[in-house]
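Reader: I am new to structures like this one. Can you take me through it in short steps?

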Protein chains: 6
Amino acid sequence: MIEFGNTKVLCAASVTEGVPRWRVGSGLGWVTAEYAMLPSATNTRGDRESVKGRVGGRTHEISRLIGRSLRACIDLSALGENTIMIDCDVIQADGGTRTAAITGAYVALSDAITWLAAADRLADPKPLSCAIAAVSVGVVNGRVRLDLPYEEDSIAEVDMNVVATDTGTLVEVQGTGEGATFARSTLDQMLDLALAGTEKLCTLQAEALALPYPGDLPEPAPRKKKAKS
Amino acid sequence: MIEFGNTKVLCAASVTEGVPRWRVGSGLGWVTAEYAMLPSATNTRGDRESVKGRVGGRTHEISRLIGRSLRACIDLSALGENTIMIDCDVIQADGGTRTAAITGAYVALSDAITWLAAADRLADPKPLSCAIAAVSVGVVNGRVRLDLPYEEDSIAEVDMNVVATDTGTLVEVQGTGEGATFARSTLDQMLDLALAGTEKLCTLQAEALALPYPGDLPEPAPRKKKAKS
Amino acid sequence: MIEFGNTKVLCAASVTEGVPRWRVGSGLGWVTAEYAMLPSATNTRGDRESVKGRVGGRTHEISRLIGRSLRACIDLSALGENTIMIDCDVIQADGGTRTAAITGAYVALSDAITWLAAADRLADPKPLSCAIAAVSVGVVNGRVRLDLPYEEDSIAEVDMNVVATDTGTLVEVQGTGEGATFARSTLDQMLDLALAGTEKLCTLQAEALALPYPGDLPEPAPRKKKAKS
Amino acid sequence: MIEFGNTKVLCAASVTEGVPRWRVGSGLGWVTAEYAMLPSATNTRGDRESVKGRVGGRTHEISRLIGRSLRACIDLSALGENTIMIDCDVIQADGGTRTAAITGAYVALSDAITWLAAADRLADPKPLSCAIAAVSVGVVNGRVRLDLPYEEDSIAEVDMNVVATDTGTLVEVQGTGEGATFARSTLDQMLDLALAGTEKLCTLQAEALALPYPGDLPEPAPRKKKAKS
Amino acid sequence: MIEFGNTKVLCAASVTEGVPRWRVGSGLGWVTAEYAMLPSATNTRGDRESVKGRVGGRTHEISRLIGRSLRACIDLSALGENTIMIDCDVIQADGGTRTAAITGAYVALSDAITWLAAADRLADPKPLSCAIAAVSVGVVNGRVRLDLPYEEDSIAEVDMNVVATDTGTLVEVQGTGEGATFARSTLDQMLDLALAGTEKLCTLQAEALALPYPGDLPEPAPRKKKAKS
Amino acid sequence: MIEFGNTKVLCAASVTEGVPRWRVGSGLGWVTAEYAMLPSATNTRGDRESVKGRVGGRTHEISRLIGRSLRACIDLSALGENTIMIDCDVIQADGGTRTAAITGAYVALSDAITWLAAADRLADPKPLSCAIAAVSVGVVNGRVRLDLPYEEDSIAEVDMNVVATDTGTLVEVQGTGEGATFARSTLDQMLDLALAGTEKLCTLQAEALALPYPGDLPEPAPRKKKAKS
């Protein structure tokens with residue numbers, strides 16, 4: 001469970017044997033993610049996507065972003081043909097749910113890797129090359145701000161999500177003018193602020209991962225087991 | 001949030017103006033529920049129904065059961081043409097999720113009613129005629145047991161869910177032989193045990209509702225607001 | 001074809017080789033059912049579920065109930081890895097379609113078993129441990145009544161479906177207060193009446209099954225054949 | 001219920017107020033049809049389209065053919081803005097289900113018109129300009145044959161469906177070489193045979209419609225009632 | 001790309017190894033087609049079927065017609081267990097899109113066959129037994145007309161599509177009275193005109209196929225390659 | 001029709017009265033886009049999304065990107081409550097389809113605006129505040145490259161799409177490390193190259209728009225007409 005202000009996201013990792021069909025026989029593992037929001041997470045109840053019968057474009061887009069970001073920090077050959085699925089379920093939403101999800105998902109992924117290493121199921125016991133974290137930055141009333149809550153986010157002129165590593169390199173940069181355009185100098189200011197933010201988050205992640213696992217770690221077992229963060 | 005042993009269900013009520021189309025013009029309100037399980041709630045990850053593109057039969061059946069049970073304890077004419085939707089999302093599952101959901105849903109409904117009454121939006125300020133709670137009972141190795149955890153539930157010979165009121169009358173009784181049949185005397189024993197259980201739960205509910213609301217109660221507002229339990 | 005008053009349900013059994021994926025390798029067979037209502041079965045035409053693109057919750061719930069009830073009376077290991085699918089299509093509906101469907105489905109299942117035994121495809125030639133039948137009971141204007149037609153059913157205060165065997169044990173009990181609650185003594189009265197009803201139905205089933213098969217019995221064949229009731 | 005050899009189709013007409021959205025305000029009525037096959041209608045059980053979640057191309061094509069054929073014989077302005085829906089459900093299939101459905105659908109439509117006229121809901125009491133009936137013809141082993149049963153149909157070299165009126169004019173002609181082509185002289189022979197067949201069927205329809213209505217005709221009522229054939 | 005007046009259809013053939021599941025092991029190949037219309041092809045924008053989530057009845061019907069017509073002129077045993085898929089995408093529509101699609105699809109099929117023969121992947125290097133082409137004919141204001149543009153087509157009393165070979169035999173005949181019926185003599189006149197039209201089209205096809213291939217022909221390769229017309 | 005190397009995208013604008021439901025009554029117009037790829041556009045045929053029954057995540061994501069980009073350059077209050085839908089259909093794909101689609105979509109939007117202004121249907125005759133164009137840049141073998149064709153794109157270490165205006169401000173920046181991370185200095189180099197590219201494209205757009213309209217411009221008409229680029 002990760003909390004960014006009033007935003008709360010439950011991130012859980014599941015390990016399953018096998019990989020998607022297009023990857024079978026490659027010897028490589030797979031890391032993917034599914035993002036979803038509980039109907040009660042927002043102030044005005046949203047419809048359930050299961051009831052509507054299809055996953056919306058926004059949900060798809062965020063799920064793909066989380067999975068892609070996580071794959072940037074892991075050596076997939078060390079996993080063997082196993083899949084790690086990270087579920088990110090937003091329990092309460094107040095802006096920045098996608099960046100909170102990525103930051104929490106890294107912790108869940110890291111826990112899953114520790115558990116797999118303990119079970120001796122990894123070719124390389126340290127497949128994570130770096131930590132990753134994500135923040136949102138935006139321009140509100142002409143000022144650059146970090147991690148906007150929903151009220152500010154909805155009136156931001158520019159909105160940017162940055163995924164970065166603990167060594168300061170970039171994984172993903174997505175900046176959008178909301179019905180407006182922005183100067184390149186504004187982009188530079190937003191990146192400065194974002195990288196300061198992800199650096200701080202990576203420190204917090206390291207502290208969380210240094211603590212003993214909260215709850216019973218499932219016994220390492222050879223098949224279809226699962227680690228929960 | 002209700003916890004029954006290791007089962008944890010998040011129950012939240014949302015109030016919206018208007019009623020389903022077939023009920024428009026009746027002057028009556030509507031109470032309904034949606035039940036869902038997070039993919040990470042069980043030991044072996046389940047697929048998301050939103051990704052599969054349809055709500056399964058079991059989910060449908062439980063959602064209908066919760067809504068029907070809640071409607072047995074409320075005077076729908078007092079609501080006016082408003083709908084109360086109760087979302088029950090299972091965060092962690094260890095047997096008895098549907099009965100935990102009903103018991104928690106009543107608390108969420110009761111909170112929503114208190115909030116509506118405070119906002120002066122009810123024709124009758126006390127539309128709840130009774131409290132309701134639910135338990136599961138089962139027969140395991142020939143012995144009748146209350147509130148089976150998942151390990152026992154999956155080997156039970158008979159499985160019964162009972163929804164009852166705080167005055168001891170019945171709202172719903174669903175008993176099933178799992179690949180077996182059962183004598184009428186067994187049914188009687190299960191009912192005895194179940195009613196003792198729901199009586200105890202109703203006491204716990206009353207205690208929970210007597211406490212001050214945990215967190216900020218949303219300000220009463222004339223449209224599209226929402227109370228969370 | 002079973003008729004309960006004006007309710008007419010066509011029940012047909014199909015035998016296919018193989019079992020659902022989760023059951024492969026168990027050596028056990030499977031019995032399942034699909035229930036559906038023709039759009040013209042009710043007084044006001046209902047929309048086709050195939051056109052709406054999904055099976056509604058009610059249809060799912062009844063299909064599951066029929067399958068579960070049938071599995072209570074059969075030894076699945078005698079079937080080998082074969083599946084018997086019972087299709088219950090409501091041609092005309094006047095209350096009690098689910099109980100009529102279960103009662104007729106047992107006859108179709110029994111015919112299919114006779115046909116499989118004749119074709120020497122059963123490990124045990126008598127895998128049915130008992131007969132099952134189902135009735136609905138309800139409380140209308142304070143009086144307990146058996147097998148309500150639609151007009152009474154829609155105003156019933158309590159509605160209960162009981163599936164029982166020819167030896168008087170219970171398979172499934174589902175009792176619901178329709179926007180109301182009911183006393184335990186009412187439950188007892190309803191059960192008395194229901195068990196008298198299922199006893200009578202089991203006699204009628206036995207008589208129907210004693211008659212020669214109406215129409216040509218398909219020739220026993222080793223693969224993908226089908227018995228129709 | 002219409003029977004062509006072993007093919008049995010249940011045809012029922014429903015009258016509803018209103019027309020599809022694109023036709024509102026035209027002052028014209030609408031006649032349409034839905035065709036479906038019960039899973040147990042064929043020798044090898046077919047999957048339910050409601051369970052598969054979509055209506056197949058063949059079903060769609062036949063539903064459209066039936067509706068189009070019926071609209072050729074009725075003056076839609078006489079209906080006012082009302083819709084007649086004809087449901088054709090195949091109970092047992094042995095070739096020629098679509099032509100049986102059209103022939104039976106005309107009888108159901110005619111019954112519905114009689115009922116609407118009795119209820120004084122038609123601008124013109126005789127909106128049907130002719131009767132229609134349909135047959136299939138085919139070439140099997142080089143010989144032209146009428147109304148092929150399934151075993152012959154599946155080996156036919158050419159397959160043609162003809163919808164015609166009782167005055168011998170054509171409504172629809174669909175001829176297909178099955179993996180082969182055919183000479184124009186063959187088309188002429190097939191048409192000769194088909195028109196002789198539809199003439200005979202129109203006589204049978206007239207006889208059926210001359211009989212008193214089998215069962216209780218629903219009382220004429222001003223809204224949402226329905227006539228069944 | 002085929003143009004019939006203002007109607008423009010892009011026809012492309014793709015060759016893939018393997019055949020649909022029901023055909024595996026037969027040693028026969030398969031030819032099928034998918035027809036679709038771009039939303040911008042018509043004067044009033046149509047909704048995308050991918051966004052609506054299902055393929056409409058008309059689209060299905062035309063796709064089936066194209067595939068069936070093409071299979072009449074090819075010896076499927078010569079293909080081995082390979083599938084040729086013809087995509088017909090309507091870029092601009094002005095009546096007669098299905099007949100233009102069939103006529104163009106034959107050219108694409110013929111190109112694909114040439115390419116497969118060059119790659120030495122055919123059992124018989126000349127599996128096409130004839131050429132096929134299609135035209136629409138109709139009756140407008142009592143006069144029989146060939147290849148109606150949209151404005152005339154939408155007011156035609158009778159509409160007929162004819163698929164024929166270059167030797168004058170018929171593949172498919174579909175004639176429909178649009179809310180009206182037609183005499184057999186009218187059918188004869190329409191067939192005369194249609195066969196004159198398909199004869200002319202077959203000449204044009206032969207000329208087009210005699211030209212060198214416009215653009216780079218993909219190099220013959222043993223797997224999953226594709227020829228474009 | 002826009003061509004970027006071997007990538008060909010057909011962009012067409014449709015104007016319809018009215019706006020999506022959530023925007024009704026705002027007095028503002030709406031601009032949105034739908035992106036799709038023909039199955040024959042790629043070297044290996046892709047499945048149709050209409051046949052699969054749902055729009056994939058990638059398609060959704062690109063459609064949303066195009067719409068968002070276009071809305072950055074237009075004053076929606078000048079449109080009144082009208083919707084401009086831009087359809088971008090990829091006829092042939094060789095990398096950079098989304099950036100080609102945005103660049104072409106702007107031209108189609110501009111044509112639609114000219115047509116609406118001529119028909120006197122705009123509150124402000126010049127609602128476009130700037131031109132927009134998009135390019136992809138990437139890092140291949142350590143070198144920053146503009147507008148990668150498919151072969152290079154699929155092996156790029158970093159991939160970035162930039163949407164910018166003709167005045168050099170930014171609309172959208174999306175940069176992704178493909179299983180890798182990238183330094184901030186690399187981001188700066190990619191932006192330099194991208195902005196040089198969009199500047200050149202804006203010059204080409206202006207030249208294209210200065211030419212007379214290719215083909216018949218539909219007559220300005222008060223309702224449901226449509227301009228095609």
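Reader: Which residues of chain A does UniProt place in the feature "domain: Exoribonuclease phosphorolytic"?
Author: The name comes from an unreviewed UniProt entry. UniProt positions follow the numbering used here, feature names are shortened, and annotations may be inferred rather than shown by experiment. The record gives residues 1-112 and 131-196 of chain A.

Reader: What should I know before reading any values?
Author: This is a predicted model: local features need pLDDT of at least 70, side-chain atom pairs count only at pLDDT 80 or more, and totals for chains, interfaces and linings use all residues. Residues are numbered from 1 along each chain as its sequence is written, chains are lettered from A and ligands numbered from 1 in the order in which they are written, and side-chain values use heavy atoms, leaving out hydrogens and water. The model scores pTM 0.76 and ipTM 0.84.

Reader: Which element of chain A has the highest mean pLDDT?
Author: pLDDT is the predictor's confidence in each residue, from 0 to 100. Chain A has a mean of 85. Among its elements, strand β1 (residues 2-4) has the lowest mean, 68, and the highest, 95, belongs to strand β7 (residues 158-165) of chain A. Strands (E, at least two residues) and helices (H or I, at least four) are DSSP runs, numbered from the N terminus.

Reader: Where in chain A is the pLDDT below 50?
Author: Where pLDDT is low, the predicted coordinates should not be read in detail. The stretch still has 42 contacts beyond near neighbours in sequence; contact means heavy atoms within 4.5 Å. It covers residues 217-229 of chain A.

Reader: What is the largest C-alpha distance among the "binding site" residues?
Author: The unreviewed UniProt entry lists A:Arg58, A:Gly96, A:Thr97 and A:Arg98. They are spread over 41 residues of sequence, yet they cluster in space. The largest C-alpha distance is 13.5 Å.

Reader: Which residue of chain F is in contact with A:Arg58?
Author: A:Arg58 is found in helix α2 (residues 57-71) of chain A. At 32% relative accessibility it counts as partly exposed, a class between buried (under 20% relative accessible area) and exposed (over 50%), with a 1.4 Å probe and protein chains only. Leaving aside neighbours within four places in sequence, its contacts include A:Thr97, A:Arg98 and, from chain F, F:Arg64.

Reader: How many residues has the largest nonpolar core?
Author: A nonpolar core is a set of buried Ala, Val, Leu, Ile, Met, Phe, Trp, Tyr and Cys residues joined through side-chain atoms within 4.5 Å. B:Ile84 is one of those with the most contacts inside the core. Beyond four places in sequence, B:Ile84 touches residues including B:Trp30, B:Leu79 and B:Leu116. The core has 366 residues.
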